[in-house]
Structure formats: C-alpha cells, structure tokens
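Trainee: Before we discuss this model, may I see the sequence and the structure together?

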Amino acid sequence: MKDSKYYLKCVKCDHITPDFGTWFEQNQICPECGSKHSEVWYNSDYKELPYIIKGNPDSFWQYFYYLPLEKRENIISRHEGSVPVQQWWFLEDFVKDTYGLDITIYVYRNDMNGGTGTFKDVAAALGASILKEHDIKQYCVASTGNTATSFAKYLAIAGVNCSVFIPDNALKASEAMISSFGQRVFRVKGDYSKAKSLAAEYSKKYNILISSGNIDPIRVEAKKTMVFEWLRQIERMPDVYIQAISGGTGPIAIDKGIREIKSIYPDLKNPKFIMVQPDKCDPMVRAWEDAESKGFPEGFENNYPIIDNPKTEVPTLATGNPATYPIISKLVKDSEGTFLRMKEEKMLAIGKLIAFERKINIGPASAVCFGGFFEALKKGLIQNGQSVMINIGEGVRRAPDFVEQMIYTTKIVDSLDECEPHLLDDYRKQLWDDVLND
Ligand SMILES: Cc1ncc(COP(=O)(O)O)c(C=O)c1O
Ligand SMILES: [Zn+2]
C-alpha cells in the first residue's frame, strides 16, 4: 500500500481498499461495515502542491498527483476544472450602496467548463478516466440532468457505454444531448427518487457499475480541486461559499480538499456554507428551519422531510428526498452557515439582470444560487470585509427555454415611424427593481 499512489479509506470504520479496481469489485462499498462512504488518500507529503498551484493549468488534471488515476495515458479531458474566478464589481457596488458593506464578490465560472458547461464536468472527466484505466465498459447513472449529460459525453469519449436514468421532468435539452452522444436514455415515469431506485435495480440486474451519488469518491476527488483552484487564483479560501444545492457534493468536496492539505496549509478552514434551494423544492431548508427552531437537538441531522414529485421549474434541483442532508447539515452547522430558500419566480429576473450587467447567460440553477446571495444580504448573513464565492454551476446552454424567456426589448414593427434608437441605461432600473422588489 505504501508504494501505491492512493488508497480508499472507509469513513465509518477506517477499512482500507487499495485501489478503484478493488473498490469496484467490492461493489463500491466497504466490505467490513457496508458503508458507501470511503475517501481517497494519497501517499504524498504535498510539498509539491504549492509549486503546482503556481502553474497555469489547462484543466484540473494539473493536479494529477492528487487524483486517483495511475497513468496519465488514461486521462480524458475537455479543458474542464480550471475555470476563472472573477471579481464582480457591479455586485460589490450594489452591496456598498444598498447595505454599506465593503465585501469582495468572487464568481466561480463553472459555466465555462469545456465538456458540457456545468460544474459536473470534472467528475465526469475523472470518472471516464478511472473507468478507462480499469477497462470497464458499462456504467450507469441516475441524475436530474447535468450529471447525466456530462457523464454521457465523457464516457462516450472513453468508449464506455453509459445508461442514463432521468426523471420525467428532466429538460429535453439534457435528453437530446445524452442521446446525441449515442448513450441510452431511460426517461423514468416518476421523480428523481424513482429514477434512482430504478437505476439501482438495473445496476444489480446486469451487474453494471453505478455512479454512487454525492459521496461517490470519484465525484468528491474531482470537485475537491476547486480548493486548489481558489488557492491558485485568489490565494485563500473565501469567507462565505454560496451554491444551489440538490445533493451537495460541493460542500462535501471542499471539506475533503481542505482536510487533505492540512499538513501544508494548516490555517485553511471551511467557508461559511450557504446552501440555497428554490421554494418549490426545499426539503433541506425546511429541515434546517425546524432544527434551528428547536435549538438543534441531538440527532437533528436525521430529521428531514421528503417531498414526492417536487413541482419545481428547475429540474436540476428537484431532489425531493435529500438523503445527504445528515452529512451536509453537519458541515453547514460546523461552518456556521445556513440553508436558504429563494423565490423561484425571481429566477428569470435574476437571469436577465446578470445578462444585462455582465453580458453572460446563466442557467436556472445558477439563478437560484444568486437568489440565495440576495437573500443572504437581506438577512444580514454577510459581514463587512468578508469575501464571498458564488458558484455558478451552469450556463444557459443547459436550458434553452430559460434564455428564450429573457426577451424584453423586442418591438414588433411595420414601418420606420415605429423604429427609434434606445439607450441601454434605460433598462437598468427596472431590471434591478424586478430582482429586489418582494
Ligand atoms: C447547475 C447546478 N447547480 C447546482 C446543482 C446541485 O448540485 P449538488 O447535487 O451537488 O447539490 C446541480 C446539480 O445537478 C447543478 O447542475
Ligand atoms: Zn467500513
């Protein structure tokens, strides 16, 4: 074990699994205690990491030494995971003018990932590479849309057959993309929970490996590199981290990344995690509010509601059964963070405002994330002098319908009399009002 690059260690009982080949043979569970939750650790002292971090990466594969792949020749990549962290001054100015706070606002541009333009691309790139290394030819995944699309593409590049289970409300654009790569789509008549259970039965019946959800060590290892990327780009951890949450690999991976490099960066700590859900699918927020009102009693993390067939307009975030809440809520609590809901009816206004101010088109799940940012300000959760990282998880190419709804300057005309020039600034006030007014 000592000579190998990495090993997996069970979070519950410390059992060691030597590599992913063995992990897959074990059906991705600990043979000692049956837990699905193992973490990857590396036989490295991390002395090289600060030098690697100074580099100018083309993708997250810059961090190859800290990823569970033995051979570089197995790397599958489409320039994912080294996306820019941008400082958004227009939001900083707004916060200064409205709340009198000097804060730094960073936006993590996951919409610029080269694979499918979502923050799922790193996991799919690592997954495809690991499957290639272990000569695995069949895989399956249940997803609300983005993970499925990303895995479908990267696995197709690796020559791996991927069966994809999506719920009946998943976006047509996701289905079309998965299908266009030649991967099989099973559109399940039911919600995401049903898609997940059908995928699990399918995996058993045909003995096909299945992506094991938000604690899947493949997903966690890929996403932890965002910690390395922030050190590279802003040379610190932000004070506050905001993300739209469905299952929650983000906070799990940030926490893992920080623990992993403790020996070399002893002062790093988790940011305050602010996790956002839309009001039409908010089981984690409800659970949190209930626990908060009772003073977080012992075992609060095991108490959460299940919403059957959630009616949200954001299929990506339609996880009605928040099975990872016990893990996430603990991380959120320890970070002194919170769960927030945003009004789904504000999504479009937010998308339009950001397109106007920054000239980029964000997807609906990203609009939910910004909605959480505005809520956090209203609730006084961000303090003067703090830095905030807003994670844009997707651009709008994932949801063409969303951008179509952003048309607001069109005038239907018949003659020259009806045509006159406009001034960009005339739109600004209305766009802000639409976001901020209750
Ligand atoms: C754009 C976007 N934002 C947020 C999420 C939620 O991520 P997680 O399931 O890791 O909580 C997803 C998941 O599909 C997503 O695609
Ligand atoms: Zn175990």
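**Sheet, domains and ligand shell**

Trainee: Which helix makes a right-handed β-α-β unit with S7 and S8?

Mentor: This is a predicted model, in which local features need pLDDT of at least 70 and side-chain atom pairs pLDDT 80 or more, while totals for chains, interfaces and linings use all residues. Residues are numbered from 1 along each chain as its sequence is written, with chains lettered from A and ligands numbered from 1 in the order written. Helices (H or I, at least four residues) and strands (E, at least two) are DSSP runs numbered from the N terminus. The right-handed unit (clockwise from the first strand over the helix to the second, strands pointing away from the viewer) is made by S7, S8 and, comprising residues 172-180, helix H6.

Trainee: How many residues of strand S7 are buried?

Mentor: Strand S7 covers residues 161-167 and is mostly covered. With buried meaning 20 or more other C-beta atoms (placed from the backbone) within 10 Å of a residue's own, exposed 12 or fewer, and partly exposed in between, the number buried among its seven residues is six.

Trainee: Through which helix does the chain cross from S6 to S7?

Mentor: Strand S6 (residues 138-142) pairs with S7 in the parallel sense over five bridges, pairing being at least two DSSP bridges between two strands. Within this pair, Tyr 139 stands opposite Cys 162. The β-α-β crossover from S6 to S7 is right-handed, and the chain makes it through H5.

Trainee: Which residue in S8 stands opposite Ile 166?

Mentor: On another pairing of S7, strand S8 (residues 184-188) is the partner, again parallel and over five bridges. In that pairing, Ile 166 faces Arg 187.

Trainee: Which strands stand at the edges of the open sheet?

Mentor: Four strands, paired in parallel, form the open sheet in the order S8-S7-S6-S9. S6 and S9 pair over two bridges, with Cys 140 opposite Ile 210 in S9. Each edge strand has a single partner, so one side of each is left without a neighbour in the sheet; these strands are S8 and S9 (209-210).

Trainee: How many polar residues does the shell around ligand 1 hold?

Mentor: The ligand is surrounded by 19 residues (C-beta atom, placed from the backbone, within 6 Å), the closest being Asn 146, Ser 246, Ala 365, Gly 393 and Glu 394. Helices H5 (146-157), H9 (249-260) and H13 (364-378) each give two or more, and each domain contributes at least three. Counting Ala, Val, Leu, Ile, Met, Phe, Trp, Tyr, Cys and Pro as nonpolar, Asp, Glu, Lys and Arg as charged, and the others, Gly among them, as polar, the shell has three nonpolar and two charged residues, and its polar residues number 14.

Trainee: Why is Phe 374 classed as partly exposed?

Mentor: Phe 374 is found in helix H13, and its C-alpha is 9.9 Å from that of Ile 350, 24 residues away in sequence. Phe 374 is partly exposed because the number of other C-beta atoms within 10 Å is 19.

Conventions:
Domains from an automatic or database assignment.
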